Amino acid sequence: MKIYNYGKQFLDDTDKKSVQEVLDSDYLTCGPKVKEFEEAICKYTGAKYCVSVSSATAGLHIAMLALGVGYGDEIITTPITFLASANCAIYAGASVKFADVEEKTININPAEIKKHLSEKTKAIVPVHFAGQSCNMEEIYKIAKENNLYIIEDAAHAIGSNYKDTKVGSCKFSDMTVFSFHPVKTITTGEGGAVTTNNEELYKRLLALRSHGMYKDGEMKNNWEYEMRILGYNYRMTDIQAALGISQLKKLEAFKRRRREIVEFYNKNLNLKHIEEAEYSNACFHLYPVMVNERKDFYFKARENGLNLQVHYIPVHLQPYYKEKFGYKKGDYPVAEEYYDHCISLPLYPELNSKDLDEIIKRLRKCL
Ligand SMILES: *Cc1c(COP(=O)(O)O)cnc(C)c1O
C-alpha cells in the first residue's frame with residue numbers, strides 16, 4: 001500500500017546538481033551562493049534586503065533582537081502556530097500574549113489583537129497560517145496607532161500574495177521570516193531567511209547572524225573586525241543556499257499545483273476547511289479540515305496508509321506556557337474549538353490525480 005504523508009519535499013536532478021557544484025567548489029559556507037540566494041529572494045518578494053539564516057527559529061530570534069525586544073516587553077502572536085513564533089520572544093527575555101483567531105481563516109484576528117494591547121506591547125507577530133496571508137492592512141493600522149513593530153512569521157507562506165504584494169515584501173511590516181525546513185514549500189534541508197526594507201535593521205541582522213561582528217569602513221581592507229553587539233552563529237551554508245536557489249525556481253509551479261490540489265479537495269470532500277479571504281492568493285502549505293471524532297479518524301487514516309498531522313496544539317496550552325504565564329483552557333475559545341477538530345490532509349506538488357482519487361477513497365472509509 002502506498003503511504004501518503006501530510007507533506008513531502010520535492011527534489012529533482014537540477015537540485016542535486018546545484019548542490020554537487022558547491023561540493024566541488026572552494027566555498028562550502030560564506031561563499032557566493034549565500035549572496036545569490038538572498039538576491040533571488042529579494043527579487044522574488046520585492047523586499048530591499050534579505051539575510052539568510054540557519055532556520056526560521058534563528059531568524060525570528062534575531063528579528064526580535066534587531067528590534068530591541070527584551071526584558072519587560074510583550075509580543076502578541078496567534079495560539080495556532082508552531083512553538084517558534086512565540087518562543088523567539090522568550091529567548092529575547094520578553095513575554096508572550098496571544099490573540100484569538102478568525103473562525104474562517106484561522107489567522108490572528110485583528111480585533112482580538114486590540115484586546116491584548118498593553119503599555120508593554122512592543123511587537124505583533126502575525127503568522128500566515130497554512131500559507132494564507134493574515135489581514136495585514138488591519139494589523140498594520142493597529143501597529144501604527146500604537147507604535148508597535150510587526151514581524152511576519154511566513155514560515156508557511158513563501159509564494160503567497162496579499163493583495164498586490166508578495167508575502168515577504170514587508171510593505172506592511174518591519175521584517176518577514178521564512179522557513180526552508182523540508183516540510184515547508186521550498187527547502188534547503190534546514191534554513192530560513194529574513195527580509196526587510198530597513199537598512200539599519202538589515203545591518204543589525206547581518207551582525208547578529210555572525211557573532212555580532214562588524215567589518216566596515218577601513219576594516220574592509222585588512223584583518224580587522226569589531227564585535228559591537230552579542231551575536232550568534234546562525235549562518236546558512238553555500239550548500240543550502242545552492243539548493244534554495246534551485247528550489248526557488250520551482251516555486252511558481254509548486255504554487256499552481258498546491259492550489260489545484262486544494263481546489264480538488266474543496267470540491268470532492270464535504271468537510272469544513274479554512275476559507276480563502278478576498279485579499280489572499282495563497283501558496284497553500286497545509287490543508288487542514290475539521291472532523292468529528294478526530295482521534296478515531298487519525299488512527300483509522302493511519303491504518304489506511306495516510307499519515308496525517310494536527311496543526312497545531314494551541315501554544316498557550318503547552319505545559320511550559322501554562323506554567324510560565326498562567327494560561328489555561330478556555331482562554332482562546334475559537335483557537336481551541338478549531339484545535340479539537342483539525343487535521344491536515346496530504347498536500348504536496350508530487351500528488352497526481354490518481355493519488356488524489358486514492359486519497360479521497362481512503363478518507364471516505366475513515367469518515
Ligand atoms: C516551521 C515553522 C517555524 C520554524 O521553522 P524552522 O525553520 O524549523 O526553525 C516557525 N514558525 C512556523 C509557523 C513554522 O511552521
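Two strands count as paired when DSSP finds at least two bridges between them. Helices (H or I, at least four residues) and strands (E, at least two) are DSSP runs, numbered from the N terminus. What you see here is a predicted model, where local features need pLDDT of at least 70, side-chain atom pairs count only at pLDDT 80 or more, and totals for chains, interfaces and linings use all residues. Residues are numbered from 1 along each chain as its sequence is written, and side-chain values use heavy atoms, with hydrogens and water left out.

**View 1. The whole chain, before we zoom in.**
The chain's secondary structure comes to 13 helices and 17 strands. Its radius of gyration is 21 Å, close to the 21 Å that the globule rule gives for 367 residues, so the chain is as compact as a globular protein of that length. (That radius is taken over C-alpha atoms, and the rule is 2.2 Å times the number of residues to the power 0.38.) Along the principal axes, the C-alpha trace spans about 70 × 55 × 35 Å. Buried residues make up 56% of the 367; buried means under 20% relative accessible area, exposed means over 50%, and partly exposed is in between (1.4 Å probe, protein chains only). Take contacts, meaning heavy atoms within 4.5 Å, between residues at least 6 apart in sequence: 71% of them join residues at least 24 apart.

**View 2. Strand 9 and its two partners.**
Start with Ile151: its bridge partner in strand 9 is Met175. That pair belongs to the link between strand 6 (residues 149-153) and strand 9, which run parallel and are joined by 3 bridges. Strand 10 (residues 192-196) is joined to strand 9 by 4 bridges, and here the two run antiparallel. Look for Ser179, which stands opposite Gly192 in strand 10. Met175, Val177 and Ser179 point one way from strand 9, while Thr176 and Phe178 point the other way. With 5 of the 5 residues of strand 9 (residues 175-179) buried, it is largely enclosed by the rest of the structure.

**View 3. An open sheet in the order 13-15-17.**
These 3 strands pair in antiparallel fashion. Strand 13 (272-273) and strand 17 (342-345) sit at the edges with a single partner strand each, so one side of each has no neighbour in the sheet. Strand 15 (residues 287-290) is joined to strand 13 by 2 bridges, and Lys272 has Met290 as its bridge partner in strand 15. On to strand 17: 4 bridges join it to strand 15, and Tyr287 stands opposite Leu345. From strand 17, Cys342 and Ser344 point one way and Ile343 and Leu345 the other, and all are buried.

**View 4. Another open sheet, in the order 8-7-14.**
Again there are 3 strands with antiparallel pairing. Strand 8 (165-166) and strand 14 (280-281) are at the edges, each with a single partner strand, so one side of each is left without a neighbour in the sheet. Strand 7 (residues 161-162) is joined to strand 8 by 2 bridges, and Tyr162 stands opposite Thr165.

**View 5. Helix 8 under cover.**
How many residues of helix 8 (residues 238-248) are buried? The count is 10 of its 11, so to speak a mostly covered helix. Among the buried ones are Asp238, Leu243, Ile245 and Leu248. Helix 9 crosses helix 13.
The axes of helix 9 (residues 251-268) and helix 13 (residues 353-366) come within 11 Å and cross at roughly 35°. Axes are lines fitted to C-alpha atoms, for helices over the stretch in contact, with angles from 0 to 180 degrees between N-to-C directions. Residues making the contact include Phe264 and Tyr265 of helix 9 and Leu356 and Ile360 of helix 13.

Most residues other than glycine have a negative phi, and most peptide bonds are trans. Cys30, in the loop between helix 1 and helix 2, has a positive phi of about 55°. Glu293, in the loop between strand 15 and helix 10 (294-303), has a positive phi of about 50°. A cis peptide bond joins His311 and Tyr312, with omega about 0°; Tyr312 is in the loop between strand 16 (306-307) and helix 11 (319-325).
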